[in-house]
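Notebook open, structure loaded. I want to look up charged pairs and nonpolar packing in this one.

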Amino acid sequence: MSLTASRERLLATTDHLIRPDQNLNDRQQSWIHPRLIQSVDPIKGRQLRVSQPIRKGELLLVDLPYALIPVVDCPEQSEDIRCSNPACHRRVARTVERVSCPNRCSADVVWCNPSCRDADNIRHQFECTWLKKYATSIRSKWGEYDFGMLWLIVRILANRHVEFRNTPSSDKTGSVSSNLGSFETGWNAIRSFCGSQETWAHSQVRHWTMLVKKYLGSSDSLPHGMSSSDVLDLICQEEANSFGLYPRETGAFPLPELAVDRGEQFGAGVYPTAALANHSCSPNIIHKPDNQSRMVFVASKDIATGEECCISYFDLTKKVELKDRRDHLQGSFRFVCKCDRCVSEEPPEEEVQWEEFPSMEDF
């Protein structure tokens, strides 16, 4: 495959697979293929499968983010920053007149027009005071990663706040059911994510505990009403389930001869249904965000009835060798990958040489 052909394939957007008859182009909606189902594996836990065969190239999922943050170095100069309104989340080019927060809470908070800002008022009010109070100091003291993680948690809590505000008083415990078919959506889906304090190293949990107490306690600047332990649990779930947003697809395999990576990250988000997908180093699904930051799953191979639908949790062009892949997954996601590819690449176990053991006469 030539470099040009490789680039064309990897740069190709999956937007053309969202057909007009699905009414997904002009408004924020999720869509799930009717053959895509969820099940539970005794070892892996929740997973996605297909109830009938799926052909390569079929669209499987278009998932709306529950919460999303930009991840850019210079928001004022970035071409990849997204509108903060969850009902929009479109790219706001540097050449257009962006609308900023009148309180100047953060340069990363922009809208594509005044209407988007006004429609997002309730959600943004929840995060605005927190951002103005803590964004600069967190970035300075703890760095971009911890700031991004904390901000994504705040945006999850902000959307929870809006969801509960729009829920009848009798259902504000969080038990309100909102399903797309058999799939949970909204806060219910977030609460069902895998990941707990036992999932992560004690040192990491201690660090998060400190951050929660210092920056995420329920207060006038962040009125979420949850206990510190519940917020810590939410971090453990978010860190195990959030997606990085990249301009090109993730999970193309086998790799072309001249592989092109997925590009620079421009955002991070939490997706209620996409989070069900487990990892494989030889995935049968490619994924990437569309122009509204919805996560799009497309079958990269024919998928047989009952087969699990897997994505890659990382850029397969960056981690090629078995040890590199397993070390990355163990460090970032706390599991040893046993996918078919990894098992096939394991070195053969050495046969035991019985003559090497000492004889009874040596004792």
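**Salt bridges**

I started with Glu-345 and Arg-341, whose side chains meet in a salt bridge at 3.1 Å, N to O. My rule for a salt bridge is a side-chain nitrogen of Lys or Arg within 4 Å of a carboxyl oxygen of Asp or Glu. Arg-341 is buried at 10% relative accessible area, while Glu-345 counts as partly exposed at 34%. For the labels, buried means under 20% relative accessible area, exposed over 50%, and partly exposed in between (1.4 Å probe, protein chains only).

A note on the source: this is a predicted model, so I keep local features at pLDDT of at least 70 and side-chain atom pairs only at pLDDT 80 or more, while totals for chains, interfaces and linings use all residues. Residues are numbered from 1 along each chain as its sequence is written, and side-chain values use heavy atoms, with hydrogens and water left out.

How many salt bridges does the rule give? The count comes to 17.

Next I checked Arg-248 with Asp-261, which form a salt bridge with the closest N and O atoms 3.2 Å apart. Both sit in the loop between strand E10 (243–245) and E11, 13 residues apart, and the pair links distant parts of the chain. Helices (H or I, at least four residues) and strands (E, at least two) are DSSP runs, numbered from the N terminus. Arg-248 is buried at 17%; Asp-261 is partly exposed at 26%.

Then I looked at Lys-323 and Asp-327, a salt bridge with the closest N and O atoms 2.6 Å apart. Both lie in helix H8 (residues 322–333), four residues apart, about one turn of the helix. Lys-323 is exposed at 58%, and Asp-327 is partly exposed at 41%.

I also found a network of salt bridges linking Asp-120, Arg-123, Glu-127 and Arg-155.

**Nonpolar cores**

I took a nonpolar core as a set of buried Ala, Val, Leu, Ile, Met, Phe, Trp, Tyr and Cys residues joined through side-chain atoms within 4.5 Å. Which members of the largest core touch the most others? Of its 53 residues, they are Trp-130, Ile-153, Ile-156 and Leu-216. The elements that each supply at least two residues include helix H3 (121–142), helix H4 (144–165) and strand E5 (67–70). H4 gives the most, with eleven residues.

I followed up on Ile-156: leaving out residues up to four places away in sequence, Ile-156 touches Tyr-66, Ala-67, Trp-187, Ile-190, Leu-234, Glu-238 and Val-270 (contact means heavy atoms within 4.5 Å). A second, separate core has 24 residues, among them Leu-61, Phe-243, Ala-277 and Met-295.
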